[in-house]
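Please look through the report below with the sequence and the structure side by side. It takes up charged pairs, nonpolar packing and one backbone feature in turn.

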Amino acid sequence: ASIAHTYRFTICFAYRIQCCRISKVVWFEHSREQAMNAIGKWVRGVWIVLLVAAVVIGLDQATKEWVRINIPKYSHIVPIPQLGQAFVFEHVDNFGAAFGILKMHRGVFIGVAVIVAVAILVYAPRLSADQKLIRVILGLQMGGALGNVVDRLNHGNVTDFLDFHWRGQHWPAFNVADIAICIGVLVLIGWTTLTGAGSSDQVKT
């Protein structure tokens with residue numbers, strides 16, 4: 001009887017272990033499938049944003065590197081002779097925000113840019129699939145913000161070079177990243193005004 005009891009106990013114990021292992025496998029496979037589905041959904045929601053941001057960062061860094069190599073600091077060249085001094089490439093170090101405003105510690109700007117980038121990557125997947133324009137807009141803003149972050153991390157400041165003068169007035173120098181940010185903001189304002197941001201058919205909850 002004791003042998004039979006031991007045998008039954010062993011069988012039951014082995015069975016329970018196997019059931020637990022099967023349950024763990026099923027749970028793992030289910031969790032992995034859920035994780036892969038979530039990752040796939042996120043990628044589908046942000047790939048346009050990432051592509052546009054990568055293009056902006058690439059153009060921004062390429063033009064800045066060209067300026068750093070070819071134009072000494074605080075000197076300029078005239079890229080379009082017909083415009084004379086109205087439009088020049090001037091190598092300027094900017095320790096502030098876009099267009100040289102708000103000169104503060106670089107850590108503040110880096111932190112703000114990272115927060116903006118994370119917020120964009122969280123928000124973009126919630127947009128409906130047909131909202132490609134708004135994804136392009138977000139990509140412009142993200143690329144512009146991170147383009148200047150690359151400068152701050154590598155050089156401690158941002159390289160500006162696009163400089164306009166008109167009838168004695170001077171617009172602060174800026175760069176490709178600043179252009180992307182401004183275009184993104186202006187188009188976003190226009191899109192919001194015309195379509196009504198946050199409506200149920202545009203943003204998924």
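## A buried lysine and its partners

K64 is buried, with a relative accessible area of 0%, where buried means under 20% relative accessible area, exposed over 50% and partly exposed in between, using a 1.4 Å probe and protein chains only. The side chain of K64 meets that of D60 in a salt bridge of 2.8 Å, N to O, a term that stands for a side-chain nitrogen of Lys or Arg within 4 Å of a carboxyl oxygen of Asp or Glu. D60 is likewise buried, at a relative accessible area of 0%, and because D60 and K64 are 4 residues apart in helix α1, about one helical turn separates them.

K64 also forms a salt bridge with D151, at 3.2 Å, N to O. D151 lies in helix α3 and K64 in helix α1, so this pair ties together parts that are 87 residues apart in sequence; both D151 and K64 are buried.

## How the model is read

This is a predicted model, in which local features need pLDDT of at least 70 and side-chain atom pairs count only at pLDDT 80 or more, while totals for chains, interfaces and linings use all residues. Residues are numbered from 1 along each chain as its sequence is written, and side-chain values use heavy atoms, with hydrogens and water left out. Helices (H or I, at least four residues) and strands (E, at least two) are DSSP runs numbered from the N terminus.

R68 and E65 meet through their side chains in a salt bridge of 3.2 Å, N to O, and they sit 3 residues apart in helix α1, about one helical turn. R68 is partly exposed, with a relative accessible area of 21%, and E65 is partly exposed at 37%. D60, K64, E65, R68 and D151 are linked in a network of salt bridges, and the whole structure holds 5 salt bridges.

## Nonpolar cores

A nonpolar core is a set of buried Ala, Val, Leu, Ile, Met, Phe, Trp, Tyr and Cys residues joined through side-chain atoms within 4.5 Å. The largest one has 13 residues, of which V49, I120, A124, I134, L138 and M142 touch the most other members. Two or more residues come from each of α1, α2 (106-123) and α3 (132-155), and α3 gives the largest share, 4 residues.

A second, separate core of 7 residues includes I71, F87, F161 and F174.

Y74 is found in the loop between α1 (2-70) and β1 (76-77). Although Y74 is not a glycine, its phi is positive, about 60°. Most residues other than glycine have a negative phi.
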